[in-house]
Amino acid sequence: MFENYKTFKTTFAGRELMVETGKVCGLANGSCWVHYGETVVMVNVTASAKPREGVDFFPLAVDYEEKLYAVGKIPGGYLKREGRPSEKAILNSRVVDRPMRPLFPKDMRNDVAIVMTVLAVDPETQPEIIAMIGASIAVSISDIPWNGPIGGISVGLVDGEIVLMPDAEQRAKSDLQLTVASSEKKVVMIEAGANEVDDDTMLKAIMAGHEEINKSLIPFIKQIQAEIGKPKFSFPSMEVDHDLFEAIQNKYTEQVKFALDTDDKNVREERLQPIKDAIHAEFDEQYPDKAAMIDECIYKLQKFIVRRWLLDEQKRVDGRGMDEMRPLAAEVGLLPRVHGSGLFTRGQTQVMTITTLGPVSDSQKLDGIDEEETKRYMHHYNFPAYSVGETKASRGPGRREIGHGALAQRALEPVIPPVEEFPYAIRLVSEVLSSNGSTSQASICGSTLSLMDAGVPIKSPVAGISCGLITEGDRWMTMVDIQGLEDFFGDMDFKVGGTHKGITAIQMDLKIDGLTPEIIKDAFAKTHKARDYILDEIMLKAIPEPRPTVNKYAPKMLNYKVPVDKIREVIGTGGKVIQKLCADFEVKIDIDEEGNVFICGQDLEKAQNCIAMIKAITSPPEVGAIYKGKVVRIMNFGAFVEIAPGKDGMVHISELENRRVEKVEDVVSIGDEIIVKVLEIDNQGKIRLSRKAALAEIEAKKKNG
C-alpha cells in the first residue's frame, strides 16, 4: 500500500538513528519520522504556493509540539488537553529556528512552516536534538529552496571528558549542556549552559560536536536527499531592483551617512525620517506598488554604509574602538521594600532586575515531557514598547521575551546556591527600561547586582556581553558590545555570559551560513576580556559581595532534615501536628519526601523555635537537654509538661522553684510555656523534668557571658 515508504539508518554518536519517509503525511511538502533509541519525532514542512503580499521579510514559522502522551501523562488542568506551548517548547522552537532560518533564500516571500511533533520520549535522549535533525531532513527532501542540510548534537562534559549525546545519567552530572548545529563546513548555531567552563574547553566541545555532525549526519542526510528529494520550486524573487537601488544610493548616500553618524538612537531616527520621506516622494510615482521595495532599498543603503564603515574604516557609529564598550553604570538598592534590586546601564541600553525570595513551596510546577517537575529559580524578562520608543499596548511575553529570560536564567543558574544552603525559591524579573542592543546581556549584569543586593550568597558574580561580526568573502572582523544598529546590519550576535573563571551561558544568532573555529575563538577572547572589565570596574564597585543577610522584608527561611521514618510524626494524624506548629510559631512549613523541612516566617526567633520543636518531635529526649514546653496537666505533687507533641514529662513540685512551693498553682497554670531541663529518663521511658535546674543553668550562662 505504501509504495513510497523507505527507511534509512546510520550510526550517530554510537547509537542507531533511523528515518522513515513516505508512509504518512503525504500532503506535506516534506515529512519524516526520526527514531533515536525510543524517542520518536515527526516533522512536517509546508510552503505556500504564492508569496505573501505586502511583506518585506521571509515568513518562516517553526513550532515544536510537546504531546504528553509521549511520556504516558495526561495533561493537568480542567480541559485535560495540551494548551499553549510550554516555555521549554518555545525555547526548543527557537533552537531549531536559529540555525535553519539563515539558509533559506533571503528574497523568498512564500510562507514556510516547520512543525516538529514529539510522539515518544526516551529519557536517555533529548528530543529537541532529534527534532532539529528531522527538520533538516524534512526540508532537504522537500521542494522548498534551502541551502542545507544541517545537523544538531548535544555535548556534555563529564569528569573533564567531552561526551556526545549524553544520556540522562551523564546529563545529571555534566558541567556543560551544549547544543551545536552545523553545516558541512561551518558552525551555524551554539546554545550552552555551563558550570564556569573555560574558553579552550568550550571551543573543543563545540568542534567535537561539529566533527561528529560532519562525520555521521551531513553525509546521511545528503544520501536521503539524493535518493528521494524533490526538485526545488522556483519563486518570484523579491530582490530589490538594481537600478532603483543605484539611483537612491547615488543621490542619498551622504545624507544617510550623516543621519547614521550618531550614537543616539532617537537622533538617528529623527534624521532618517525626512530622508525616507524624500526618497518615497521621488520614487513612489516612478515605481508604483513597490513601496516595500523602496523601503528595502533604504534598508540596504544603511546596511551598505554601516558595513563599509566597519570593514574598511574600522569606524563605529558612536566612535568607539572595536574592542571598546559603551559607557557603563551599575547601581543597587533602588527600591524600598523589595527584597533586592539592581540597575545596569550600557549606553542607551538599561535593565533593572528585581529579586523576590519566597518559601520553596513557591517553586514553579512544570507539566512537560521531561523529568523536571519544579523550578526553584525563575527568571522573567519584560520588553515593553516604551523601551524602544514605540507606542503600543502590552500583549504579554512573546517568544523573544521567553528566550531572553531563559538565557539570563541559564547564565546565572550555575552560581545560585543549592536549596540545602539557601532554602528559598527565587524569582528575578528583568525590566528593560531602554533598549539599544544586547538587553539580554544587560539583564544578566543587572540580575547579578540584584541577587547580591538581596543577600543571595551566589558563588561568583556573572556578567554578560555580546560580540558582533561583519563578513565579506574571506574577510571578517569582530567587535565587542554591539549596539542595535550593528546587530541589525551585522552578521552575528554572539552572546556570552560568565564569571572570571569561565563561561556559564552562550547563545549565538547568525544571519550568514556559519562560523569558522577562528571566528569563535576570537569571539571567546573578546567577550572574556570584556566581562572581566565589567565585573571588576563596574559591578563589583557597586556591590563587592552579597549582603551578609537577606533583606529585612524577605521571609526568614530555615531548613532541617529529619529521618524519613519521622516525617509522619512531624505531620501528625490528619496534619494536626504540622498545623499546630504553623499556628504556634507563625510560620509556613514544607516537607519533601526525603525529609527536608523548610520553615518560612517573618520572625527569625520564632522560626528557630519551630526548628527546636521539630528536633524535639523527631529526636528522643536527651538527659541534660533544655526544652521549652507547655504545661498540660497539674497534680498535687507537680505539673506535666509537653516538650514535644506526644512527649511529656513530670516536674515535681520541688523542682518548680529554687524555694519551697506550697501549691503547684502558685507557680504555673495549665497552658503556661516554661523552660525545663531533662533530669532523668527511666527504663519505662518516663521523663523527669526540672524547671529549677533549667533556670539555674540559663542564669549561670548569662553570668559567664
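## The overall layout

Keep in mind that this is a predicted model.

## Helices α6 and α7

Two packed helices are described by the angle between their axes and the distance between the axes. Helix α6 covers residues 265-283 and helix α7 covers residues 291-313; their axes come within 11 Å and cross at roughly 135°. That angle makes α6 oblique to α7, and the crossing of the two is right-handed.

Who's touching whom here? On the α6 side you'll find L272, K276, I279, H280 and F283, and they meet A291, I294, D295, I298 and Q302 from α7. Sorted by class, this contact has six nonpolar, two polar and two charged residues.

## Helices α8 and α9

Next up are helix α8 (residues 399-412) and helix α9 (residues 439-453), with axes that come within 9 Å and cross at roughly 50°. α8 and α9 are therefore oblique to each other. Their crossing is right-handed.

From α8, the residues R400, H404, L407, A408, A411 and L412 take part. They meet T439, S440, Q441, S443, I444, S447, T448 and L451 in α9.

## A look at A205

Is A205 buried or exposed? Its relative accessibility is 0%, so A205 counts as buried. You'll find A205 in helix α4, which spans residues 199-228.

Setting aside neighbours within four places in sequence, A205 is in contact with V155, I162, L176 and L178. Take V155: A205 and V155 are 50 residues apart in sequence, yet 6.7 Å apart in space, C-alpha to C-alpha.

## A look at E191

E191 belongs to strand β10 (residues 187-197). With a relative accessible area of 13%, E191 is buried too, because buried means under 20% relative accessible area.

Which residues does E191 touch, not counting those up to four places away in sequence? The list is V95, R98, Q177, L178, T179, R410, I506 and Q507. One of these, L178, is also in contact with A205.

Methods
Residues are numbered from 1 along each chain as its sequence is written. This is a predicted model: local features need pLDDT of at least 70, side-chain atom pairs count only at pLDDT 80 or more; totals for chains, interfaces and linings use all residues. Side-chain values use heavy atoms; hydrogens and water are left out. Axes are lines fitted to C-alpha atoms, for helices over the stretch in contact, and angles run from 0 to 180 degrees between N-to-C directions. Helices (H or I, at least four residues) and strands (E, at least two) are DSSP runs, numbered from the N terminus. Angles under 35 degrees count as roughly parallel, over 145 as roughly antiparallel, 65 to 115 as roughly perpendicular and the rest as oblique. A crossing is left-handed if the near helix is turned anticlockwise from the far one by less than a right angle, and right-handed if clockwise. Contact means heavy atoms within 4.5 Å. Ala, Val, Leu, Ile, Met, Phe, Trp, Tyr, Cys and Pro count as nonpolar, Asp, Glu, Lys and Arg as charged, and the others, Gly among them, as polar. Buried means under 20% relative accessible area, exposed over 50%, partly exposed in between (1.4 Å probe, protein chains only).
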